[in-house]
Amino acid sequence: MQWETVIGLEVHVQLTTAAKIFSGASTAFGAAPNTQACAVDLALPGVLPVLNKGAVERAIRFGLAIGARLNRINVFARKNYFYPDLPKGYQISQYELPIVEAGSLPIQVGEQTKTIRITRAHLEEDAGKSLHEDFHGMTGIDLNRAGTPLLEIVSEPDMRSAQEAVAYARALHTLVTWIGICDGNMQEGSFRVDANVSVRPKGSEAFGTRREIKNLNSFRFLEQAIEYEARWQIGELEDGRAIHQATVLFDPDTGETRMMRSKEEAHDYRYFPDPDLLPVKLDEDWIEAIRAELPELPQQKQARYQAELALSAYDAATLTASRATAEYFEAVLAALSPSPSPEGRGGAAKLAANWVMGDLAAALNREGLDIAQSRITPGRLAGLLRRIDDGTLSSKLAKEVFAALWAGEGDADTIIAARGLKQMSDAGELERIVDEVLAANPKSVEEYRAGKDKAFNALVGQVMKATRGRANPQQVNALLKQRLGG
Amino acid sequence: MSLTLEDIRRIAHLARIRIDADEAARYQSQLNEIFHLIEQMQAVDTAGIEPMAHARDVYQRLREDVVTETNRREAFQAVAPQVEDGLYLVPKVIE
């Protein structure tokens, strides 16, 4: 039987506020235990929550960025459960009336574009941390993280493969960092993914029973966990066993998922509106002010790169993988403007795109640098591209200049002059070298005349060697053909 | 709607409250009286009326995003039953 995997994701995004969502304690990462846990975070008697405007503002920004409905009146609710890292005995979250509902996000899988619907996004507070190791059989509790603002973003079950799920998670990660509501640091838990996975016979409308994989903190683990889980579920069903709803954990060491708790004695969270917090009202002026400050979004840039710059969907998606990459690319284009290319702006854009996604990305990767830390400024890269475009540099020489730019030897023109790298444009000089090469290689000439094409390539190689790669290969080809009698 | 004794025991369990058989029976009748009251209120036709969150027409006040709290760990931990390395210690919890 052919099976289809169905995936929905719940992503917890930690918001970039300075203070916590309901208290004035700091959210900075890495402080000594409990030094950022105030009376409100500790749930001491008599304390009351007061909502942080910055958290609400970030949720609005997100809602606008995914074209969602913003609930002008939204309500905080208590989600009741007992755990030592949750001192109040309930988490303040949103239930019936979340701040954001019904948005969508386009994703790119290869050259395919697909839209993933986002059911809702709601504000809530994070819990503290339990440390289970070695406290004489006791558990240590650090409440620094308690009360950190989170936006939980819930998708519809619209993804059909681990690759689509990863593409969605990446697109969401790009978006939340792009609009500055999250620092995106997955190691520090700023972006945590839960995946709901089920399988069904291909063509079937009804959903299978799902299992939820909790707390995936890398895109690679997300992909591995979904693939393992889907295979496991298919195996169970093919062996005639039923799938039971459950929460599972992914073990990166074994690459397997294992059951954490069965949902049968499921948590009954007994949600109810939090009487300590009044409904939140979003005013139109505030929403419009936030809308006016939104930057051009990745999906808008992608559409513009395709329409105005004639780039492929793949190139457009790659260049907008982060705001820093898009800004770098646009700075290169701006420095190239007015476009020197005979093909106009599109030609310059394709050239710039190829170098940003190719040699520059490779160099950054090699040294583990972010594009914002690039050793080559956009202006200097543009200087190199201009010399490729006007024929001064062959592609081989361009790579040499790029390496020298990376090593900090100055701008492209300085490097070209210092190393004598100019592509040979003097036709007379090239003719002289071609004649010398022909005279010195009578055997190749004879072989070529006898019909061996390989011999021609050998002659081209000899000319390039004699010019130290400075000759234009097309020109060499043409000249050789002419000299050899066509 | 009326609650069974089983419902009462489940609610008590979820709230981590230990109750004996007599208490369960007493709470069952008390809670059912409350449910009866709710039923009476639900019988009122409220079509077209906005749900009310507060007696006055007010909404949540928002606080500026600034850190106002300083580190008072010592004072807070002075009244905690057990602490170590800055952590609050609690009986071991295992998932």
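For counting charges, Lys and Arg are taken as positive and Asp and Glu as negative, leaving out His and the chain ends. Each charge is placed at NZ of Lys, CZ of Arg, CG of Asp or CD of Glu. On that basis, the mean positions of the 55 positive and 65 negative charges of chain A lie 4 Å apart.

A word on the model: it is predicted, and local features need pLDDT of at least 70. Residues are numbered from 1 along each chain as its sequence is written.

Now for the overall build. Chain A has 16 helices and 17 strands, where helices (H or I, at least four residues) and strands (E, at least two) are DSSP runs numbered from the N terminus. Its radius of gyration is 30 Å, well over the 23 Å that the globule rule gives for 486 residues, so chain A is more spread out than a compact globule. That radius is taken over C-alpha atoms, and the rule is 2.2 Å times the number of residues to the power 0.38. Along the principal axes, the C-alpha atoms fill a box of roughly 95 × 55 × 50 Å.

One open sheet has three strands in the order 6-5-16 of chain A, with antiparallel pairing; two strands pair if DSSP finds at least two bridges between them. Strands 6 and 16 of chain A stand at the edges with a single partner strand each, so one side of each has no neighbour in the sheet.

| Strand (chain A) | Residues |
|---|---|
| Strand 5 | 76–80 |
| Strand 6 | 90–94 |
| Strand 16 | 272–273 |

Five bridges join strand 5 to strand 6 of chain A, and Lys79(A) has Gln91(A) as its bridge partner in strand 6.

Note on methods
Chains are lettered from A and ligands numbered from 1 in the order in which they are written. This is a predicted model: local features need pLDDT of at least 70, side-chain atom pairs count only at pLDDT 80 or more; totals for chains, interfaces and linings use all residues. Side-chain values use heavy atoms; hydrogens and water are left out.
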